[in-house]
Structure formats: C-alpha cells, structure tokens
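Subject: Handover of a structure

Dear colleague,

Please find below the sequence and the structure that I am handing over to you. My notes follow directly after them.

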Amino acid sequence: MIEKRVLLIVSGGIAAYKSLELTRLLKKQGIAVRAVMTESATEFVTPLSLGVITEDHVYGAMFDLKEEREIGHIQLSRQADLIVIAPATANILAKAAAGIADDLATTILLATDKPVLAVPAMNVRMWQHAATRRNLAQLRADGMAIMDPDEGEMACGEYGPGRLPEPHAIVERIIAMLGHFASAQTLASQPDFADIDHRPLYGKRVLVTAGPTHEAIDPVRYIANRSSGRQGFAIAAGAAEMGAEVTLIAGPVHLVTPPGVIRIDIETALEMQAEIDKALPADVAIMVAAVADWRAADVPEQKIKKAGKAPAPLALTENPDILATLAKHKQRPKLLIGFAAETEKIVEHAAAKLAKKGCDWIVANDVSGDVMGGENNAFHIVTKDGVESWPDSPKDVIARKLMEKVADEIGES
Ligand SMILES: Cc1cc2nc3c(=O)[nH]c(=O)nc-3n(C[C@H](O)[C@H](O)[C@H](O)COP(=O)(O)O)c2cc1C
C-alpha cells in the first residue's frame with residue numbers, strides 16, 4: 001500500500017500543542033507527517049517536540065539557505081498528498097484569503113496545487129468577526145476545505161464556537177479526504193488491542209454500518225429512530241481487534257471511534273448506500289445500522305409552517321434496500337450479514353428476512369425492551385443451517401463472539 005503524506009502547518013494559537021497528539025494519531029494510521037511551523041506557533045510548542053513525533057526536521061524559516069536548498073517550499077508541497085493547517089489562526093486564514101505569502105507557511109499555501117484542509121481554532125469573537133467570516137467564505141470559494149470548530153468553554157473563559165475539534169475527529173476528516181484505508185500492518189503495530197497474537201481476521205476487510213439514519217423533512221426536522229450505534233461500534237471494534245481492516249459507516253451518533261477503525265459519518269440512507277459502494281470490495285459486511293425505510297418524498301428548502309389545525313401532510317417514499325442491493329452487487333462480500341431488529345416473532349421474521357434479502361446470516365434481536373441504547377443484547381443467528389441463540393450479554397462481549405464466528409467462517413479462506 002502506498003503511504004499517504006500530510007504536510008501539517010501549525011500556526012500560533014493556544015491549541016498548537018494539540019498538533020502533537022494529531023501527529024501521533026496520524027502516524028498510528030500509517031500516514032506520514034512533515035511539519036511546518038509559523039514563528040508564532042513556536043511560542044506555543046517547540047519545534048523539538050514536534051520534530052521528535054514526526055521523526056523529521058520541522059520547517060519554519062523561508063530564507064534558511066540549507067533548508068531551501070535541500071527541500072524548498074515548492075518541494076514541501078509537492079511531496080504531500082494533503083496540506084492540513086491545524087490549528088489555523090485567524091491571522092493565517094486572513095493571509096491565505098488575501099494571497100499574502102510572507103513566511104514559509106503562507107508561501108506554501110499560495111504555491112500549492114494540493115488539497116488543503118484548514119482547522120480553525122480561535123476565540124469566539126475572532127471566529128464570529130465579520131473579517132473572519134469573509135475570509136472563510138473566500139477560502140471556501142477558492143477550494144479550501146474548512147472544518148468547523150467545536151463549541152465549548154475556551155481557554156480565555158468565554159463560551160462558544162472556536163475550540164479546535166478533538167484530534168481524532170481531525171484524523172477522521174483527513175482520512176476521508178485522503179481516501180485512506182489503514183493497512184493491516186499499521187493495525188498490527190497498535191498497542192490498544194487486547195490480545196495482539198489473536199488476529200484471525202488479519203488482512204481481511206470488514207465493512208460495518210451502525211447507528212440510525214436521519215431523513216430530512218425540512219431544513220430543521222427529520223425522521224429518526226432510537227438506534228444508539230453502540231452494537232455496531234462494538235462489532236467494528238471487535239473486528240479491528242482481530243486484525244481486520246475495518247471501515248465503519250456511521251449514522252449520526254456521539255460515540256468514540258474504536259482504535260484502528262476508519263469511520264465515515266453519514267446522515268441519510270442514500271448517503272450510506274453511496275459510502276458502501278465506495279468502501280467495497282470487502283470480505284465481510286455486517287449491516288447493523290437501523291436504516292430508515294422511508295424518507296420524505298420532497299424536502300422543501302424552507303421550514304414547513306403550521307397552516308391551521310390539521311397536521312402538515314408528509315408524503316414518504318421508500319429508501320433503497322441496502323442489504324438486498326449489496327446481496328446482488330457485483331462486488332458482493334463473501335460473507336454478508338444483516339441485522340433484524342424485531343419486536344415480535346423474532347426468529348420467524350428473521351428467517352423470512354434471510355430468504356428475502358439474499359444475505360448469508362441474519363442476526364435477529366428483540367428490541368421490544370431497552371436494547372436500543374442499552375448495555376446488553378441477545379442474538380439469534382439465523383443461517384441456512386438453522387438458528388443459534390446466544391444469551392443476553394454486554395454488547396462488546398456479544399460483538400466479540402460474533403466476530404469469532406465470522407473468523408471461523410472466513411478466517412482461513
Ligand atoms: C496567548 C495567546 C493565545 C493566542 N491564541 C490564538 C488562537 O487560539 N487563535 C488565533 O487565531 N490566534 C491566537 N492568538 C493570536 C496569534 O498568535 C497571532 O494572531 C499571531 O500573529 C498568529 O500568527 P500566525 O498565524 O503566523 O501563526 C493568540 C495569541 C496569544 C498571545
């Protein structure tokens with residue numbers, strides 16, 4: 001696999017120290033990082049610290065004869081697949097928007113033809129200032145990707161948008177922009193796995209979907225369901241622990257991405273379908289997501305207004321059947337597993353679904369209690385050979401058991 005390379009520009013904000021953690025996480029995903037710091041950034045974090053983590057020289061000076069001769073500003077950009085500015089100060093964004101190139105970082109930004117992702121972090125007033133809004137609009141129009149900052153308490157004591165997003169969220173965005181798939185090699189070197197020797201899915205590609213979908217009714221309302229995403233995330237974590245290369249396509253949930261898992265966030269069933277197509281081929285697909293069966297037939301651009309006493313008419317149209325579509329796909333995974341959330345006649349309905357959808361196994365669970373969002377789950381695994389019923393267990397325990405069964409089925413093939 002070709003290693004992806006990020007050129008990380010660190011500018012002078014209070015969050016500059018987070019560039020160390022960001023670099024560490026990127027390297028863990030098998031992404032090489034070379035760093036450039038603005039002069040102000042060196043007031044917040046030392047080039048020595050960043051250099052130790054990147055295991056490389058940290059670039060800063062434009063008129064350093066040795067640096068420019070060995071690897072100049074053009075080459076720094078040429079050697080990267082993606083340029084990331086994190087944190088991006090209001091100042092560097094303003095300079096980039098105006099095309100100012102008065103130090104190495106801004107000269108690279110003007111000279112590059114590579115995609116650029118800016119991750120702004122600043123005081124809320126700076127973020128909301130008309131000048132910053134203008135600069136961001138200009139940069140977006142110029143093709144720069146901008147990641148919105150998080151909302152929360154700031155170093156200065158104020159509250160609002162402006163915090164640097166968590167490094168793992170930045171990594172996810174970078175991975176999505178690079179179209180990067182973590183290599184099994186990379187995963188093998190990760191310290192976070194329970195039993196590093198037990199890797200029966202080493203080299204296998206596993207695709208997992210999780211969580212609900214949100215289907216817009218108008219710009220502010222949507223159709224959703226109670227899926228928490230926890231079972232799907234636990235299955236993705238179990239697959240990664242066993243050495244698989246895992247892509248997790250997740251609906252809107254607030255869960256931490258398991259180590260070693262590539263996560264792609266979506267909102268709607270149609271987006272999920274598109275991301276599944278992009279993630280193929282895979283050896284195994286486990287479709288845990290509770291995908292909405294229907295979406296609104298028309299989504300108006302403006303909020304629907306109350307007209308009188310009668311409820312607003314809501315016309316629905318069917319979403320694509322993701323599981324059945326994947327079963328007929330020319331790149332159908334060798335092992336295709338569907339989930340059936342049922343409230344009655346659990347096994348009977350699951351057996352019917354197995355026949356109808358064309359998948360290999362159906363994992364049926366009774367969601368009439370507090371399974372959705374709860375800690376535990378009980379599975380009935382319905383295959384063409386019969387039904388296996390597993391007792392109520394914590395979601396991570398039952399997820400590992402399921403992945404052991406998957407490994408038995410395809411591990412040696
Ligand atoms: C303690 C301190 C913290 C700062 N934090 C930020 C910040 O989080 N975001 C920001 O845009 N500017 C921040 N600034 C202002 C920048 O450091 C200043 O605009 C500087 O010129 C940025 O230079 P650069 O964009 O070349 O790195 C901070 C300044 C100080 C003194």
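In which loop is lysine 345 found? Lysine 345 is found in the loop between E16 and helix H14 (346-357). Here helices (H or I, at least four residues) and strands (E, at least two) are DSSP runs, numbered from the N terminus.

Two remarks on the source come before the rest. This is a predicted model, in which local features need pLDDT of at least 70 and side-chain atom pairs count only at pLDDT 80 or more, while totals for chains, interfaces and linings use all residues. Residues are numbered from 1 along each chain as its sequence is written.

Domains

The protein is divided into domain 1 (5-172) and domain 2 (194-410), with bounds that come from an automatic or database domain assignment. Between the C-alpha centres of domain 1 and domain 2 there are 36 Å.

Two strands are taken to pair if DSSP finds at least two bridges between them. For contacts, the C-beta atoms of two residues, placed from the backbone, must lie within 7 Å. Axes are lines fitted to C-alpha atoms, for helices over the stretch in contact, and angles run from 0 to 180 degrees between N-to-C directions.

Strand E3 (residues 82-88) is mostly covered, with six of its seven residues buried. A residue is called buried if 20 or more other C-beta atoms lie within 10 Å of its own, exposed if 12 or fewer, and partly exposed in between, with C-beta atoms placed from the backbone. Four parallel bridges pair E3 with strand E1 (residues 4-10), and isoleucine 85 of E3 is the bridge partner of isoleucine 9. E3 also runs parallel to strand E4 (residues 116-120), to which four bridges join it. Across that pairing, isoleucine 85 stands opposite alanine 118, and alanine 88 stands opposite proline 120. Proline 87 is likewise found in E3, and a cis peptide bond with omega of about -10 degrees joins it to alanine 86.

The ligand

The ligand is surrounded by 15 residues, of which the closest are Ser11, Gly12, Gly13, Thr38 and Thr89. By type, the shell divides into eight nonpolar, seven polar and no charged residues. In this division Ala, Val, Leu, Ile, Met, Phe, Trp, Tyr, Cys and Pro count as nonpolar, Asp, Glu, Lys and Arg as charged, and the others, Gly among them, as polar.

The eight-stranded sheet

Eight strands form an open sheet of mixed pairing, in the order E12-E11-E8-E13-E16-E17-E18-E19. At the edges are strand E12 (261-265) and strand E19 (386-394), each pairing on one side only. From one strand to the next, the twist averages 20 degrees. Within this order, strand E13 (residues 284-287) and strand E16 (residues 335-342) run parallel and are joined by four bridges; valine 284 has leucine 335 in E16 as its bridge partner.

Helix H15 (residues 395-410) packs on the sheet, touching E13, E16, strand E17 (361-366), strand E18 (376-383) and E19, and its direction makes about 145 degrees with that of E19. Helix H12 (residues 269-279) lies across strand E8 (205-210), strand E11 (245-250) and E12, and runs at about 165 degrees to E11. In the loop between H12 and E13 is proline 281; the peptide bond from leucine 280 to proline 281 is cis, with omega near 5 degrees.

Backbone exceptions

Most residues other than glycine have a negative phi, and most peptide bonds are trans. Lysine 345 is not a glycine but has a positive phi of about 40 degrees. Lysine 345 is exposed, with 11 other C-beta atoms within 10 Å. Glutamate 55, also not a glycine, has a positive phi of about 55 degrees. Glutamate 55 is found in the loop between helix H2 (47-54) and helix H3 (65-70), and is exposed, with 11 other C-beta atoms within 10 Å.

With kind regards

Conventions: Near = placed C-beta within 6 Å.
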